[in-house]
Amino acid sequence: MIKKILISQPKPGSEKSPYYDIAKEFNVDMVFRPFFKVEGLSSKEFRQQKVNLLEHTAVVFTSRHAIDNYFKLAQEMRITIPETMKYFCVIETIALYIQKYTQYRKRKIFFGNSGKIDSLIPTMVKHKDEKYLVPMSSVHTDSISSLLTAHKLKYKECVMYRTVTNDLTEEEKKNFDYDMLVFFSPTGVSSLKKNLPDFVQGDIKIAAFGPATAKEVINQGLRLDLEAPSDKYPSMTAALRAFLEENTKKK
């Protein structure tokens, strides 16, 4: 029976988070404990990539970290992002996050419906004359560049942030008694093995968000029990709810 779940992300800022609804609905204890921290590149580090933000007419955002660091770097480099800039996001929740930095206008913000770049491609193809900038983490796969190249889109990838491990304390290692672990980055998965080299999975369920994270779970010799996003479940919370429903039925 799943009673205690580790969510390897910071605690939600709002009490209205779907995670709290799931915890209440299934009577499970949710512990929010990031296995990694995201660090933005400094403007000096970013400049070494010789990327000019204003040479691009559109930006592709795959995460909130990408949004935060794009606008942070623009501010640090004293670049004013033009009102005409278009934003393409892999899912609506990420698109809505842009409001933190700029006015939300439907004519310049577009989003997919699956959380994966695939669902965004048809919209991007309709805007094939745009020059796309794709902010990335230092750890990423070639899946996005392969798709954009295949559809003959003009784009440039650049690294804007990196993930570093956020080590467990001795007390946390001693009391590591979770029934399920939910990961959101390859760094989080490798951090588990770094912190707990003798970790044995046994009956512990492991969930991964994103193909790179799922691949790292397998690479670390662990069993992957749940992967999101999928066509049916575009978010980890939707996938987790369905998984717990199924788990409850079995019991």
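These questions and answers cover the domains, sheets and helix packing of a predicted model.

The model is predicted: local features need pLDDT of at least 70, side-chain atom pairs count only at pLDDT 80 or more, and totals for chains, interfaces and linings use all residues. Residues are numbered from 1 along each chain as its sequence is written, and side-chain values use heavy atoms, with hydrogens and water left out.

Student: How far apart are the centres of domain 1 and domain 2?
Tutor: Domain 1 covers 39-164, and domain 2 covers 171-182 + 194-250. These bounds come from an automatic or database domain assignment. Taken over C-alpha atoms, the separation of the two centres is 28 Å.

Student: Which feature does UniProt place at residues 26-237?
Tutor: The span is 31% helix and 24% strand, and its end C-alpha atoms lie 13 Å apart. UniProt positions are given in the numbering used here, feature names are shortened, and annotations may be inferred rather than shown by experiment. The unreviewed entry gives "domain: Tetrapyrrole biosynthesis uroporphyrinogen III synthase".

Student: Which strands stand at the edges of the sheet of 6 strands?
Tutor: Strands are DSSP runs (E, at least two residues), helices likewise (H or I, at least four), numbered from the N terminus. Two strands pair if DSSP finds at least two bridges between them. The open sheet has mixed pairing and the order β3-β8-β7-β4-β5-β6.

Student: Which residue in β6 stands opposite Cys89?
Tutor: Strand β5 (residues 86-89) pairs with β6 in the parallel sense, over 3 bridges. Opposite Cys89 stands Phe111.

Student: What angle does the direction of α8 make with that of β8?
Tutor: Angles run from 0 to 180 degrees between N-to-C directions; axes are lines fitted to C-alpha atoms, for helices over the stretch in contact. Contact means heavy atoms within 4.5 Å. Helix α8 packs on the sheet and touches β3 and β8; the angle with β8 is about 25 degrees.

Student: Why is α8 called roughly parallel to α9?
Tutor: Angles under 35 degrees count as roughly parallel, over 145 as roughly antiparallel, 65 to 115 as roughly perpendicular and the rest as oblique. The axes of α8 (residues 186-195) and α9 (residues 211-219) come within 8 Å and cross at roughly 25 degrees. That crossing makes the pair roughly parallel.

Student: Which residues of α9 make the contact with α8?
Tutor: From α8 come Pro186, Val189 and Ser190. The α9 side is Ala212, Thr213, Glu216 and Val217.

Student: Which residue in β2 is the bridge partner of Lys4?
Tutor: Strand β1 (residues 4-7) and β2 pair in the parallel sense over 4 bridges. The partner of Lys4 is Asp29.

Student: At what angle do the axes of α1 and α10 cross?
Tutor: Helix α1 spans residues 18-26 and helix α10 spans residues 236-250. Their axes come within 10 Å. The crossing angle makes α1 roughly parallel to α10; the value is roughly 10 degrees.
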